[in-house]
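Dear colleague,

Please find below the sequence and the structure that I am handing over to you. My findings follow directly after them.

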Amino acid sequence: MMRAARRWAAGLLCALLLPAASPQAMPAVLPPLPPLSVQQIAPGVWVHVGLIGDFAADNAGDLANLGFVVGSRCVAVIDTGGSRQVGAALLAAIRLHTTLPVCYVIATHMHPDHLLGHAAFRTEPAEFVSSVHQGKSLAARAAGYLTRQASQLGAQAAGTAIVPADRLVDGEMVLDLGGRHLQLRTWRTAHTDNDLTVQDDLSGTLFTGDLLFVGHLPVIDGSLRGWLAILPILRTLVHGPVVPGHGPPGNGSEPFQAQERYLQQLATEVRAALKGGRTLAETVAQSPAPTGGWQLVELYHRRNVTAAFAELEWED
Ligand SMILES: [Zn+2]
């Protein structure tokens, strides 16, 4: 389909998916958030570190790490936050450092804390980029994501919409920003079924999306076995700063090992439970609290045990 026609059709779909807005919940004009705080972790590579927590009115969905990379021609944005408000605050932060246009808005995966800020970038001449697998999975969740985000954020959800991708990545793709290139890669099902990483050729900076969590307990919404299988490959890509989906950016591959320990421990426990004939409820109830000092264990560990049980129950 022609791009304009595709956008129109997708816009219609999104209009249908948007939750009904009450006049009280959606004021006509919402004061903008201040520009997001960003740090330059390599020349022309900027990162905003999101809060570790859940969607709430006082954070506007500012939970995921967001980034932008500045070339000589234009700027690429990697993830846009959990609301249009956060996306607009990211764009305001970009404008403090460059006047170049945003030419690409890249989603590392479908989760709402990473891409519900996309609508703020519709004013830019940007192509929206995602894994080829994102559209279908996001379409199945979009209505639920928007309804839940609206109830959690209240007025801060105003203007949020699902923006469909214009450019789809299947395997590898290189984006030229002028004087530097970004290497995009899609992965087998791991954190989700539509994970995508971004690597800058000048600095080596690797944006992992949620294929890497630091501090924040890893969350399985795809495949535990798939995730464990790709972690050794991801580690080989570390030649510079690493920006996880959540938690502080760093250098080196130690955070991958910490995450692998948690996921491996989970797989070992759940396999033992299955071998011992335990039910899902018993397995969840008896799962020990994970070691490693993770945050948000209460919110996500039981969910991970449940996901692991459902997956490993059918393995040979
Ligand atoms: Zn995620």
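Strand β4 (residues 75-78) runs parallel to β5, and the two are joined by four bridges. One of these links I78 to its bridge partner in β5, I106. Between β4 and β5 the chain passes through helix α2 (residues 84-95), and this β-α-β crossover is right-handed. Please note that the model is a predicted one.

On β5 there is also a pairing with strand β6 (residues 127-131), again in the parallel sense, over three bridges. Here V105 has F128 of β6 as its bridge partner. Strand β5 itself (residues 102-106) is largely enclosed by the rest of the structure, because four of its five residues are buried.

Leaving aside residues up to four places away in sequence, V77 touches F68, L90, V102, Y104, V105, I106 and F121.

Is A64 buried or exposed? With 30 other C-beta atoms within 10 Å, A64 is buried; the cut-off for that term is 20 or more. Beyond four places in sequence, A64 touches G50, D79, G81, G82, D113, H114, G245 and H246. The C-alpha atoms of A64 and L51 are 7.0 Å apart, although 13 residues separate the two along the chain.

As to the overall fold, the protein has eight helices and 13 strands. Its radius of gyration is 19 Å, close to the 20 Å given by the globule rule for 316 residues, so the protein is as compact as a globular protein of that length. The C-alpha trace spans about 60 × 45 × 40 Å along its principal axes. Of the 316 residues, 45% are buried. Among contacts with a separation of 6 or more, 71% are between residues 24 or more positions apart.

Finally, a word on confidence. The average pLDDT of the protein is 92, and 91% of the residues score at least 70. Over residues 1-24, however, pLDDT stays under 50, and the model has 16 contacts beyond four places in sequence for this stretch. Where pLDDT is low, the predicted coordinates should not be read in detail.

With kind regards

Note on methods:
Residues are numbered from 1 along each chain as its sequence is written. This is a predicted model: local features need pLDDT of at least 70, side-chain atom pairs count only at pLDDT 80 or more; totals for chains, interfaces and linings use all residues. The radius of gyration is taken over C-alpha atoms; the globule rule is 2.2 Å times the number of residues to the power 0.38. A residue is buried if 20 or more other C-beta atoms lie within 10 Å of its own, exposed if 12 or fewer, and partly exposed in between; C-beta atoms are placed from the backbone. Two residues are in contact if their C-beta atoms, placed from the backbone, lie within 7 Å. pLDDT is the predictor's confidence in each residue, from 0 to 100. Two strands pair if DSSP finds at least two bridges between them. A crossover is right-handed if, with the strands pointing away from the viewer, the path from the first strand over the helix to the second runs clockwise.
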